[in-house]
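Me: I'd like to go through this model with you one feature at a time. Can you show me how to read each of them?

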Amino acid sequence: MTLNALSPDSKFLQLLREFDRNLFLELKKSGCPHCGGQLDTANYWRKTRGMGVELELCFSLCCRNEGCRRRSKPRSVRFFGQKVYGAWVLIMAVEYCRELGLGGQIARQTIARWRMFWKNHLSESGPFVVWARGLLPIGATITESPGSMFCHFGYPARDSWLLILKFFAQAL
Ligand SMILES: [Zn+2]
């Protein structure tokens with residue numbers, strides 16, 4: 001693995017935005033998960049670490065049905081709930097913090113928490129694991145750390161990133 005394969009550049013960040021936009025469009029088309037109503041765009045700007053320094057457009061939808069009006073958020077690789085770091089960092093940085101250029105920037109306790117997060121999500125009986133087994137090659141070992149599975153997606157090739165993020169975003 002080379003440093004280059006992982007260093008995020010503006011093109012990569014742009015790919016993440018497009019990726020999120022597609023998830024947003026998919027959800028918009030499928031309608032409100034609560035009542036099936038039509039969804040209206042209700043995007044907003046927010047800050048997240050791991051993207052650029054500018055505010056980032058966060059995709060969001062709102063049900064048009066008078067009696068529902070609930071907000072729906074598409075899955076995202078740039079945001080992870082209300083957490084300060086984006087989802088893609090949570091996926092990649094547990095093992096590749098330094099290679100991502102984030103060495104020393106993320107508190108050790110934060111990384112430890114993320115490790116716990118993955119340990120829980122990648123445990124034998126979890127729903128993500130059941131789903132993942134259907135996608136990974138037969139005999140692939142699912143360990144407690146996402147990094148150990150990156151090889152199935154062609155890592156460290158640069159174009160493996162999006163496949164990896166798409167896969168692990170299902171666990172978030
Ligand atoms: Zn609704």
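Me: Let's start with Gln 109. Which helix is Gln 109 in, and is Gln 109 buried or exposed?

Reply: Keep in mind that this is a predicted model. Gln 109 sits in helix α4. To judge burial, count the other C-beta atoms within 10 Å: 12 or fewer makes a residue exposed. Gln 109 has 8, so Gln 109 is exposed.

Me: Now Ala 93. Where is Ala 93 found, and is it buried or exposed?

Reply: Ala 93 belongs to helix α3. The cut-off for buried is 20 or more other C-beta atoms within 10 Å. Ala 93 has 24, so Ala 93 counts as buried.

Me: What does Ala 93 touch, beyond residues up to four places away in sequence?

Reply: Ala 93 touches Leu 100, Leu 102, Ile 106 and Ile 111.

Me: How do I describe the packing of α3 and α4?

Reply: The general idea first: two packed helices are described by the angle between their axes and the distance between the axes. Here α3 and α4 pack at an angle of about 105°, and their axes are 10 Å apart. Angles of 65 to 115 degrees count as roughly perpendicular, and α3 and α4 are therefore roughly perpendicular to each other.

Me: Which residues of α3 and α4 meet?

Reply: From α3 you have Leu 90, Ala 93 and Val 94; from α4, Ile 111, Trp 114, Arg 115 and Trp 118. By class, the contact of α3 with α4 holds six nonpolar residues, no polar ones and one charged.

Me: And at what angle do the axes of α3 and α6 cross?

Reply: At roughly 105°, and the two axes come within 10 Å. So α3 and α6 are roughly perpendicular to each other. On the α3 side the contact is made by Ala 87, Trp 88 and Ile 91, and on the α6 side by Ile 164, Leu 165, Phe 168 and Ala 169. The contact of α3 with α6 has seven nonpolar residues, no polar and no charged ones.

Me: What is Ile 91 in contact with, leaving aside neighbours within four places in sequence?

Reply: Ile 91 is in contact with Pro 146, Ile 164, Leu 165 and Phe 168.

Me: Which residues of α6 are buried?

Reply: Trp 161, Ile 164, Phe 167 and Phe 168 are buried in α6. Look down the helix axis: the buried residues of α6 fall within an arc of 135°, so they line one face of the helix. What covers them includes α2 (10-30) and α3 (87-96).

Me: How many residues are in the largest nonpolar core?

Reply: As background, in soluble globular proteins, nonpolar side chains tend to be buried together. In this model the largest nonpolar core has 23 residues, and those with the most contacts inside it are Ala 87, Trp 88, Leu 90, Ile 91, Met 92 and Ile 164. The elements giving two or more residues to this core are α2, α3, α4 (108-121) and α6. The largest share, eight residues, comes from α3.

Me: Last topic: the backbone. Which residues does a cis peptide bond join?

Reply: Most residues other than glycine have a negative phi, and most peptide bonds are trans. Here a cis bond joins Tyr 155 and Pro 156, with omega at about 15°. Pro 156 is in the loop between α5 (127-133) and α6.

Me: What about the phi of Arg 69?

Reply: Arg 69 has a positive phi of about 55°, although it is not a glycine. Arg 69 lies in the loop between β4 (61-63) and β5 (71-72). With 14 other C-beta atoms within 10 Å, Arg 69 is partly exposed.

Notes. Residues are numbered from 1 along each chain as its sequence is written. This is a predicted model: local features need pLDDT of at least 70, side-chain atom pairs count only at pLDDT 80 or more; totals for chains, interfaces and linings use all residues. Helices (H or I, at least four residues) and strands (E, at least two) are DSSP runs, numbered from the N terminus. The arc is that of the directions from the helix axis to the C-beta atoms. Two residues are in contact if their C-beta atoms, placed from the backbone, lie within 7 Å. Axes are lines fitted to C-alpha atoms, for helices over the stretch in contact, and angles run from 0 to 180 degrees between N-to-C directions. Angles under 35 degrees count as roughly parallel, over 145 as roughly antiparallel, 65 to 115 as roughly perpendicular and the rest as oblique. Ala, Val, Leu, Ile, Met, Phe, Trp, Tyr, Cys and Pro count as nonpolar, Asp, Glu, Lys and Arg as charged, and the others, Gly among them, as polar. A nonpolar core is a set of buried Ala, Val, Leu, Ile, Met, Phe, Trp, Tyr and Cys residues joined through C-beta atoms within 7 Å.
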